[in-house]
Amino acid sequence: MTQAALHPMLNVAIKAARAAGALINRASMDLDILKINTKSPNDFVTEVDQAAEAAIIEILLSAYPDHGILAEESGRTHGARHSEYQWIIDPLDGTTNFIHGFPVYCVSIALAHRNVVQQAVVYDPTRNDLFYATKGRGAFLNDRRLRVSRRTRMSDALIGTGFPFRRGDNFKRYMKMFEEIMTQCAGVRRPGAAALDLCYVAAGHYDAFFETGLNPWDVAAGSLIVTEAGGLVGNFTGEPDFLFQREIIAGSPKIYGQVVQTLAPYSRVITADDLEADAQAAQPGGGTAKPKATKTSTTAEGADAAPKKRAPVRIKKAESNGNPDAQG
């Protein structure tokens, strides 16, 4: 798709992503003088995250001053809070990689209308790779159309994931999931930037991806890019309610269904109270919600109990990337 054929809102998002990427690239040459703060153990924010986010927001609101903003570092403090249009922004996904000079990080920008993602950009500044999509018009890497892989057997599949890293994350639960997936597939990878992981599913590099503990800004853009490349995205039970559920599976249709069958017993239920707490956390200085104990959907024996196997799950292609109960 040529630049001239892109949706005007997508063009603005691309402009913002490239501006942020230029800031990130310049900062990557002087990591020794980078100022780093800790939001929580193993969860970092740098002056580059903040500068990139400010640049993105300025460009977006200059073009669309009546739109809302949900950003990792500044929450909902900018833009029109109750707009039907909301930009969901991660200015630097993969901050830990960035501060170590490990070149796997990106800028992620999505536009949701009434909680359904319509436009998406993920920009990898280290490779100058621009992933983008408009709902109903396909997904692209630079000017090349993306398609998910055609593999059908889990034994041939390469699966992406993300490890738990925040205090309060249930590592034992994750290790059980990891063991089940690892013993079924050809390999598991963890580069450390979820937005790029989702794009790698769209490009066919991965056959599927799963992770827990993610926020909307981690997955909003990448999820649309996956679905526009012919893939499926959902929570661990295969339902389209993933954006605010802090669990996600994405993949090519055949592999996605098999991963859902494996991970459905580990699904968690996010309550309305949890969503309200997340909304409060998305205020200045509260860009990352504190982990909360949530109920398992399959067992009352606690997080470390072995989950019971579920009956086969009916997989439906997601028609909505949002959560109807969440405020936009």
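1. Let's start with the parts list: the protein has eight helices and 16 strands. Keep in mind while browsing that this is a predicted model.

2. Next, the overall picture. Of the 328 residues in the protein, 57% are buried. If you look at contacts with a separation of 6 or more, 66% of them are between residues 24 or more positions apart.

3. Which residues of H1 and H2 meet? From H1 come Val12, Ala13, Lys15, Ala16, Ala19, Ala20, Leu23, Ile24 and Ala27. Facing them from H2 are Val48, Ala51, Ala52, Ala55, Ile56, Ile59, Leu60 and Ala63. Sorted by class, this contact has 16 nonpolar residues, one charged residue and no polar ones.

4. Now compare the pair made by helix H4 (residues 171-182) and helix H7 (residues 253-263). Here the axes come within 10 Å, and the crossing angle is roughly 140 degrees. That makes H4 oblique to H7, because the cut-off for roughly antiparallel is over 145 degrees. H4 passes H7 in a right-handed crossing.

5. The H4 side of that contact consists of Met177, Glu180 and Ile181, while H7 brings Val259, Thr262 and Leu263. By class, the residues where H4 touches H7 are four nonpolar, one polar and one charged.

6. On to charges. Side chains of opposite charge can pair when their charged atoms come close. The structure holds four salt bridges, and a few of them are worth a look.

7. One of them joins arginine 114 to glutamate 84, with the closest N and O atoms 3.1 Å apart. This pair links distant parts of the chain, 30 residues apart. Arginine 114 is in the loop between strand S5 (106-113) and strand S6 (116-124), and glutamate 84 is in the loop between strand S3 (68-71) and strand S4 (85-93). Arginine 114 is exposed, at a relative accessible area of 55%, whereas glutamate 84 is partly exposed at 41%.

8. Another salt bridge brings together the side chains of arginine 151 and aspartate 207, at 3.0 Å from N to O. Arginine 151 lies in the loop between strand S9 (144-145) and strand S10 (158-161), and aspartate 207 in the loop between helix H5 (194-202) and strand S12 (208-212), so the pair ties together parts that are 56 residues apart in sequence.

9. Is aspartate 207 buried or exposed? Aspartate 207 is buried, with a relative accessible area of 0%.

10. One more salt bridge to find: aspartate 156 pairs with arginine 153, and their closest N and O atoms are 3.0 Å apart. Aspartate 156 counts as partly exposed, because its relative accessibility is 35%, and buried would need a value under 20%.

Technical notes: Residues numbered from 1 in each chain as written. Predicted model: local features only at pLDDT ≥ 70, side-chain atom pairs only at ≥ 80, totals over all residues. Heavy atoms only, no water. Helix = DSSP H or I, 4+ residues; strand = E, 2+ residues; numbered from the N terminus. Buried < 20%, exposed > 50% of the residue type's maximum accessible area, 1.4 Å probe, protein only. Axes fitted to C-alpha atoms, helices over the stretch in contact; angles between N-to-C directions. Parallel < 35°, antiparallel > 145°, perpendicular 65-115°, else oblique. Left-handed = near helix turned anticlockwise from the far one by under 90°. Contact = heavy atoms within 4.5 Å. Nonpolar A, V, L, I, M, F, W, Y, C, P; charged D, E, K, R; others polar.
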